Amino acid sequence: MTTLKIPSPLRTYTDGQTTVEVKGKTVSEALESLVEQHPDLRQHLFNGAHELRPFVNLFLNSEDIRHLQNLATPIHEDDRLMIVPSIAGGGSLVDHSAIRTNQALIILLSVIAFILNLPWLVVLVAFGMAVGTALKFPGFGFVYRWFLKPLNLIKPDLLEDNPEPHRFAQGFGAVVLAIGAIALLTGASILGWGLVWLVILLAGLNLFVGFCVGCAMYYWLGRLEVPGFVRSPPENTIPGMRPKAKA
Amino acid sequence: MRLQILPAVLERIHSQGEAAYPEEGAGLMLGEISQDQRQVMEILTLPNVREETARHNRYLLSPQDYLKGEAEADRLGLDVLGVFHSHPDHPNRPSEFDRQWAWPNFSYLITSVMVGKAHESRAWRLTEDRVNFIEEEIEIVENTIA
């Protein structure tokens, strides 16, 4: 038997016991033994696919099992196993004013680049979007944050939304624009400007219609269970459409 | 369901939200449970260990800090009742992200901090099926329960 320590919020399901004696040769078997004794614990420890929920940590003699062999980590009689909660949360809000300012500037600069035939400006826009993606903010959003918002020219539009799909959309746009820039610099003008216009159209669709193609792609990849694409669309929202619900 | 809290303790939670602004501040609430009531008697402010760029709308307490909270509760003869956190420049309703990461039986007290000033706190508890948060009435009491 191994002793498993139960954290405060789960003690309701163990009749108030702070520790439970469990059987098994691995962490996985020990947890199975625990939920056999206290079945109500299952849904709080595991998701539908029988994977440990991300906020459930297990420590074996004060070592995180993720640093050992995870659920397959072997355990012995005198080991102490501990369930420790990760406590996390926070507002999942996205300021759509920053995103729209970014789109407007991407469109404006790309159109200027096309009219004046300035491939270096395309490089600059692609670079701005790539830097924004890496640093997790809209690339030209600083124009909104530093000038438009403080001067009260544009009001924040905070919506209950996931920031990750927007980041993916911007990264996708940056890649398309970068390929376009390379095409322009190597003399493939039609392909180059074609890709620039593709980015202009997608940014325009997002700015004027509220449909983010990159975000829709993110959610499709999520449905195909591609690792890393974990967010679900906000409630009552078509994947890719701007959420209606105000925070 | 009710969450009783001493005015001085609520005051400390609000000051903590203001001190963390524009980032989210968080910590654990310790107290006593008697029948249908819970009373917050002590709070433990813990560091927000999320990366700096995400701290304006996310908080994360490390497992080690959580264990400190349980040890402190044991020492004081109390229970960990739940978590308090602030929503800088946002309403004190739980977000979808709050729900996905919520623990059952915990009270989640959220303080809206608008332009650096704590406005109001509301408390929430996850339903058993993990689908919704329901509001828990906050009662400000002068005396501790016997």
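**Figure 1. The bridge between Gly89(A) and Tyr59(B).** In β4(B), Tyr59(B) is the bridge partner of Gly89(A). Strand β4 (residues 59–61) of chain B and β6(A) pair in the antiparallel sense over 3 bridges; two strands pair if DSSP finds at least two bridges between them. Strands (E, at least two residues) and helices (H or I, at least four) are DSSP runs, numbered from the N terminus. The model is predicted: local features need pLDDT of at least 70 and side-chain atom pairs count only at pLDDT 80 or more, while totals for chains, interfaces and linings use all residues. Residues are numbered from 1 along each chain as its sequence is written, and chains are lettered from A and ligands numbered from 1 in the order in which they are written.

**Figure 2. The contact of chain A with chain B.** The contact takes 28 residues from chain B and 23 residues from chain A, where two residues are in contact if their C-beta atoms, placed from the backbone, lie within 7 Å. On the side of chain A that touches chain B, two or more residues come from each of α2 (42–45), β5 (80–85), β6 (87–89) and β8 (158–160) of chain A. The largest share of this side, 3 residues, is given by β6(A).

**Figure 3. The closed barrel of chain B.** In chain B, 7 strands form a closed barrel in the order β1-β3-β2-β5-β6-β7-β8, with mixed pairing. Within chain B, strand β2 (residues 26–34) and strand β5 (residues 79–88) pair in the antiparallel sense over 6 bridges. Opposite Gly27(B) stands Phe84(B) in β5(B).
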